[in-house]
Amino acid sequence: MLYLQTIVILRASMTADPYGNEKPDWPGATRTIVAGVNVQPAGGSAEDTDDKQLTVTGWRLYTPKGMDLDLRETDRVEAEGTTMQVVGKVARWPGPGGGVHHIEADLREVD
C-alpha cells in the first residue's frame with residue numbers, strides 16, 4: 001500500500017548562458033514517468049531568512065523491493081505538485097542475492 005505514487009524524473013542537458021557559462025537546461029529537460037514509488041516528507045523544514053523569506057522542506061524517495069531507478073544526484077523529481085532536486089548520492093541498497101534491493105534518495109524543494 002505504500003508504493004502508490006507516480007513521479008517524473010527530470011534530466012537536463014547542459015547549455016551555455018549568454019556569458020558562455022554552462023548551466024542545466026531545465027526547461028528542455030527529458031521527462032521520465034515512474035509509477036509505484038513512495039515520497040514522504042523527511043527531516044522537517046528549515047527557514048533561510050538571510051536574503052529573503054524561504055522555507056526549505058526535505059523529502060525522501062523510496063522504491064519497493066527489487067526496483068532500481070535511473071536516478072542521479074544531478075536530476076530533479078516532480079512529485080506531490082512540487083519540483084525537487086536530488087540531494088547527494090542516490091542510495092542503492094544491495095539485495096541479499098545480488099542486484100539492488102531498493103533505492104532511497106533525499107530530495108529538497110526547488111525554489
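This is a short chat about a predicted model of a protein.

Reader: How many helices and strands does the protein have?
Author: It has zero helices and eight strands. The model is predicted, so keep in mind that this describes a prediction.

Reader: What share of the residues is buried?
Author: Of the 111 residues in the protein, 32% are buried.

Reader: What about contacts between residues 24 or more positions apart?
Author: Taking the contacts with a separation of 6 or more, 53% are between residues 24 or more positions apart.

Reader: Let's pick a residue. Where is H102?
Author: H102 is in strand β8, which covers residues 100-109.

Reader: Is H102 buried or exposed, and why?
Author: H102 is buried because its relative accessible area is 16%, and the cut-off for buried is under 20%.

Reader: Which residues does H102 touch?
Author: Leaving out residues up to four places away in sequence, H102 touches T63, P64, K65, M67, A91, R92 and W93.

Reader: Which side chains make polar contacts with the side chain of H102?
Author: One is the side chain of H101, in a polar contact of 2.9 Å. The side chain of E104 also makes a polar contact with that of H102, again listed at 2.9 Å.

Reader: Switching to G66. Where does G66 lie?
Author: G66 lies in the loop between β5 (54-62) and β6 (76-79).

Reader: Buried or exposed, and why?
Author: G66 counts as exposed because its relative accessibility is 58%, and exposed means over 50%.

Reader: What does G66 touch?
Author: G66 touches V100 and H101, with residues up to four places away in sequence not counted.

Reader: And how far is G66 from G99?
Author: In sequence, G66 and G99 are 33 residues apart. In space their C-alpha atoms are 8.0 Å apart.

Reader: One more, E80. Where is E80?
Author: E80 is in the loop between β6 and β7, where β7 is residues 82-94.

Reader: What is the phi of E80?
Author: E80 has a positive phi of about 55 degrees, although E80 is not a glycine.

Terms used: Residues numbered from 1 in each chain as written. Predicted model: local features only at pLDDT ≥ 70, side-chain atom pairs only at ≥ 80, totals over all residues. Heavy atoms only, no water. Helix = DSSP H or I, 4+ residues; strand = E, 2+ residues; numbered from the N terminus. Buried < 20%, exposed > 50% of the residue type's maximum accessible area, 1.4 Å probe, protein only. Contact = heavy atoms within 4.5 Å. Polar contact = N/O pair within 3.5 Å; in protein donor to acceptor, adjacent residues only side chain to side chain.
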